Amino acid sequence: MIEIKGLKKSFGDKQVLKGIDANFEEGKSNMIIGSSGSGKTVLMKCVVGLLKPDAGSILYDGRDFVTMKYGQKRILRQEIGMLFQYSALFDSMTVEENVAFPLKLFTKYTKKQIDDRVNFCLDRVNLPGENKKNIDEISGGMKKRVGIARAIALNPKYLFCDEPNSGLDPLTAQVIDKLIKEITLEFRTTTIINTHDMNSVLEYGDCIIYLHEGLKHWEGTPAEIRNTKDARLRDFIYAAQFMKDTIV
Amino acid sequence: MRFFFFFGQYLLLLRNTFSKPEQRSIYMRRIFDESQAIGVESLGIVAIVSVFIGAVTTINTSYQLVSSWIPDSVIGQIVSDSTILELSPTIASLVLAGKIGSNIATEIGTMRVSEQIDALEVMGVNSAGYLVLPKIIAALFMLPALIIISMLLSILGGYLVGMYAGIVAPDHFLSGAQSTFKVFTFVFAMIKTVTFAFLISSVSSYQGYYADGGSIEVGRASTRAVVYSSVLILLFDYILAQLIL
């Protein structure tokens, strides 16, 4: 479980996060939604430690990430897997080298054990036999899947996904959503997903947080969000005409 | 004030770069890969530049020595001394600042804007150590090797032009080149080279590491890497000459 308390972050005069409190539960897909500039990405970057918050605390199963020493942070980070918006795969490496990278750095596995784990992870994301391909030889959807395979290589307790569907066609997007959901349930990870895709929010989300202008404006489940009376949230989730037609 | 901000940022990057590495075996492989990119792949351009430096120095020296009282062997002397003391370490390093510096800044800058550095950080990898340290170590070993090759090729270029253009007899050229050779000159050239290697690799890495934005910013970082490395090479060339000679 990840608990966030009073998280604030500013860039110069601009306060992006104005004091966010949130709980992200284990074994659930926790969705963060909000319009562009609402602070979703900054929130995720603070939680994974890419940005240092100005105030507040981030508790990973009770361990405060903000006040931790560098060495403790490094150990905790080995429990974190992250899927980046554009996959962030190392383009100088092959598919299997990308997945093996954290294993080589942080485990004492033999070559055979690393190969086995890489094959398991690639099988899990439905990419068996693609080990030797270079990153520039595979499609956007495959890159996302390799990104997921790399993220789960160390068997993480916490999985972060930043816009996992961006740039993907609807069918591939659904495959990725389904895969993240399955992994969350199978490995009981605390999964946090930043997304704009309302289909994935409604179909695969367990808990949803809506950010507006740096504050948590709403929190609930997919069933609750469908029937919300909050005008601002309704404007956001039913921005597309066909969604409005569906609800009417 | 901006200078102090950037200088402080550069020092912080160096501190992180030289902190304890995660897995030595992976670092060793990266150092070999970087040595290939920085050293072996720069051999061609260094060879071309060096041969022409020596050839042109021979012609220029012969043109300026108009008195028949001055022996031909002086040409070999001047070509050898100026090559070892100044031309090879400085000119070749300036050329390498262009080739290696832009390469390093573009590579690291692209990794920054494509979130690959963020991916390393999230995994708990010291990204500065992983990316920058192998480049600095490779540069510190490979640049002196390249400059020694450059010195030899430059003297060879001067020798061949002197011989085939009828400027100086081969034995006169060689005796002149050998007559004033001092070990100290060579040591000084190596001190300069190691300093330039550190400047090129660290400044270019710094420019790439803190690139922010998209492809345009990566291009700018690459340009800054070359310009700043070149200016620093000239500045430290002067400082070292003033201090040591």
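Colleague: Why are α8(B) and α9(B) called roughly antiparallel?

Modeller: This is a predicted model; local features need pLDDT of at least 70, side-chain atom pairs count only at pLDDT 80 or more, and totals for chains, interfaces and linings use all residues. Residues are numbered from 1 along each chain as its sequence is written, and chains are lettered from A and ligands numbered from 1 in the order in which they are written. Now the helices, which are DSSP runs of H or I with at least four residues, numbered from the N terminus. The axes of α8(B) (residues 183–209) and α9(B) (residues 215–244) cross at roughly 155 degrees and come within 9 Å. Axes are lines fitted to C-alpha atoms over the stretch in contact, and angles run from 0 to 180 degrees between N-to-C directions. Angles over 145 degrees count as roughly antiparallel, so α8(B) is roughly antiparallel to α9(B).

Colleague: What makes a residue nonpolar, polar or charged?

Modeller: Ala, Val, Leu, Ile, Met, Phe, Trp, Tyr, Cys and Pro count as nonpolar, Asp, Glu, Lys and Arg as charged, and the others, Gly among them, as polar. The contact of α8(B) with α9(B) has 14 nonpolar, five polar and three charged residues. B:Phe188 of α8(B) and B:Leu240 of α9(B) are among them.

Colleague: How do you know which residues of α3(A) are buried?

Modeller: A buried residue has 20 or more other C-beta atoms within 10 Å of its own, with C-beta atoms placed from the backbone. In α3(A), the buried residues include A:Val95, A:Phe101 and A:Pro102.

Colleague: Which chains does the contact draw on?

Modeller: Chain A gives 14 residues and chain B gives 13 residues. α3(A) gives the most to the side of chain A that touches chain B, with three residues.

Note on methods:
Contact = placed C-beta atoms within 7 Å. Helix = DSSP H or I, 4+ residues; strand = E, 2+ residues; numbered from the N terminus. Parallel < 35°, antiparallel > 145°, perpendicular 65-115°, else oblique. Buried ≥ 20, exposed ≤ 12 C-beta atoms within 10 Å, placed from the backbone.
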